[in-house]
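Hi there,

Here is the structure I promised to pass on to you. Have a look at it first, and then read my notes below.

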Amino acid sequence: MNPPFDPPSILLHAPQLGENIGSAARVMLNFGFTDLRLICPRDGWPNPAAETLSAGAFISGLEVSVHETLESAFAGLTYLVATTARIRGLEKQVLSTAQTISTLSKRSQAGFGRSGLLFGSESSGLPNEVVAGVDHILTYPVSAGFSSLNLAMAVGVFCSAWAEQMGDFTPVSSEPAAKLADQSPASRDDVLRLFQHFEEELDAANYFYPPEKTPVMIQNLRAAL
């Protein structure tokens with residue numbers, strides 16, 4: 001059974017190996033995901049190593065876009081989840097895979113626009129300043145003694161869970177969906193502009209003191225909003 005809604009976009013932040021990008025693309029298309037966004041891939045794009053491991057995904061319906069900034073990569077998205085195995089000192093709700101998929105499906109049914117799943121680089125994952133700007137955190141129930149997942153495997157875990165859960169999807173009643181639809185979700189572009197305006201006003205009011213702590217203070221403010 002095909003899922004009733006388009007799956008979310010998959011965003012890879014600073015991916016390093018072309019092989020991992022190609023493997024991620026392959027497993028995405030296996031489960032019906034077609035929008036892959038690369039943010040500052042280390043080895044540039046296109047990448048022959050990615051082509052080899054993709055098993056033809058790039059010519060079979062999967063679309064790839066390359067972005068130099070987060071603002072560009074987030075364009076058109078109204079909800080963003082950071083996938084990370086580490087709990088950070090940020091005020092962000094941590095969701096399970098099932099909770100994430102439920103939230104995504106309800107937002108799609110309410111016409112809230114496209115969502116995205118953000119994955120970090122192979123060597124260091126997602127930096128705190130990136131996680132601070134998302135809506136929620138998704139953490140897999142991996143072993144505490146061996147929690148490191150290969151990038152393509154991490155993408156595959158979610159894609160498989162999405163396809164399985166959405167195959168058994170039961171639409172919510174029309175009344176809750178209508179109530180959600182009455183709300184107008186902001187795009188990530190709008191949210192980023194709000195952050196920037198808010199921070200400029202605080203800076204003008206000399207809120208950021210001492211100056212050397214400004215980046216951490218901004219990070220914490222974004223995480224709390």
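Asp43 and Arg42 form a salt bridge (a side-chain nitrogen of Lys or Arg within 4 Å of a carboxyl oxygen of Asp or Glu), with their closest N and O atoms 3.1 Å apart. Asp43 is partly exposed, at 44% relative accessible area; buried means under 20%, exposed over 50% and partly exposed in between, using a 1.4 Å probe and protein chains only.

Please keep in mind that this is a predicted model, where local features need pLDDT of at least 70 and side-chain atom pairs count only at pLDDT 80 or more, while totals for chains, interfaces and linings use all residues. Residues are numbered from 1 along each chain as its sequence is written, and side-chain values use heavy atoms, leaving out hydrogens and water.

The structure holds three salt bridges. Asp35 takes part in one with Arg37, at 3.0 Å between the closest N and O atoms, and in one with Arg114, at 3.5 Å. (Strands are DSSP runs of E, at least two residues, and helices are runs of H or I, at least four, numbered from the N terminus.) Asp35 is buried, with a relative accessible area of 13%, and Arg37 is buried at 10%, whereas Arg114 is partly exposed at 26%. Through shared partners, Asp35, Arg37 and Arg114 join into one network.

Now for the inside. Beyond its neighbours within four places in sequence, Val155 is in contact (heavy atoms within 4.5 Å) with residues including Ile10, Leu12 and Phe119.

How far can you trust the model? The mean pLDDT, the predictor's confidence in each residue from 0 to 100, is 84, and 73% of the residues reach 70 or more. Over residues 171-180, however, pLDDT stays under 50. Where pLDDT is low, the predicted coordinates should not be read in detail.

Enjoy exploring!
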